[in-house]
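Dear colleague,

I am passing on the structure below, followed by some notes on what was found in it. Please read the notes with the structure open beside them.

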Amino acid sequence: MSESDQLPDHVRDAFQVGAGPAEQLSEAWDYGFRVGNTVFSKVLSPETAAWSSKTREGLKPEGVRVVRPIRSTDGRFVVAGWRASVFSTGNVAKRVDETVVAALRLADALVKSHAPEPVDNVFHRADIRAWEEQPGQIGQLLRPIDRVNQVGHADMLATTLYSATQPPAVTDLVPVLRPHGFTAALVIVDGLLLGAVDEGILGRFSHLPDIESLLLRAFLFRRNIQELSENNDPNIISNLNRVENTLVSYVSDKL
């Protein structure tokens with residue numbers, strides 16, 4: 001089956017995109033298909049995908065481009081399990097510090113947004129578990145965070161594109177309801193897990209409120225996903241152990 005055959009004609013028609021070659025894109029676009037200036041992506045949760053599209057439609061963070069959704073001819077965001085967005089140039093890059101700044105600006109813009117109803121999946125369960133009482137050394141290092149929860153983005157580093165000197169572009173929103181700096185903390189943890197940034201990033205953003213506890217919660221979230229999905233890839237486990245040791249050492253020294 002060719003790539004273009006995987007994108008149904010009736011979905012193209014619904015979003016007013018005619019015939020043409022379909023180019024499969026990267027993870028940043030959920031491995032969707034680009035036809036001209038339109039990207040079609042399969043959705044796992046229609047409700048969450050519709051929420052992301054509706055939120056992105058009017059979101060204007062300072063210094064951050066947001067990929068705009070495309071509505072179908074009858075005004076829907078999701079048709080037969082597919083959504084459409086306007087293509088934006090760029091690639092995911094190892095510009096982790098810049099993405100942390102973008103995450104903070106995105107959180108500012110999302111402060112009044114309402115989260116969708118949570119979907120009972122591995123990610124939701126991993127998030128809940130990360131914010132429960134923790135045993136062991138990490139549990140001893142955690143401190144209460146006396147701030148309200150707000151909508152954040154749980155996968156920012158993987159969905160942020162860079163193109164030359166243009167502002168970063170965010171292709172999607174993966175909702176998570178936690179304090180303001182949690183999205184930034186996830187970016188830092190993900191950058192460390194990927195080996196995309198040096199450990200000095202912890203000091204560079206040490207001024208953020210409650211960042212030590214947010215980093216530990218973000219790490220627990222990622223570790224929980226690995227455990228709940230039973231992903232026993234030795235490289236993933238090794239990276240998790242490495243970052244856990246880094247964070248425990250850093251936070252211990254700060255307390």
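A polar atom of the Gln 150 side chain lies 3.0 Å from the backbone oxygen of Ala 107. This is a predicted model, in which local features need pLDDT of at least 70 and side-chain atom pairs count only at pLDDT 80 or more, while totals for chains, interfaces and linings use all residues. Residues are numbered from 1 along each chain as its sequence is written, and side-chain values use heavy atoms, with hydrogens and water left out.

Gln 150 belongs to strand S8 (residues 150–153), strands being DSSP runs of E of at least two residues and helices runs of H or I of at least four, numbered from the N terminus. With a relative accessible area of 7%, Gln 150 is buried (under 20%, with a 1.4 Å probe and protein chains only). Beyond four places in sequence, its contacts (heavy atoms within 4.5 Å) include Leu 110, Val 176 and His 180.

Glu 199 sits in the loop between H6 and H7, its C-alpha atom 9.2 Å from that of Leu 247, 48 residues apart along the chain. The side chains of Glu 199 and Thr 246 make a polar contact (3.4 Å), that is, a pair of N or O atoms within 3.5 Å, one able to donate a hydrogen and the other to accept it, with residues adjacent in sequence counting only if both atoms are side-chain atoms.

Notes
Buried < 20%, exposed > 50% of the residue type's maximum accessible area, 1.4 Å probe, protein only.
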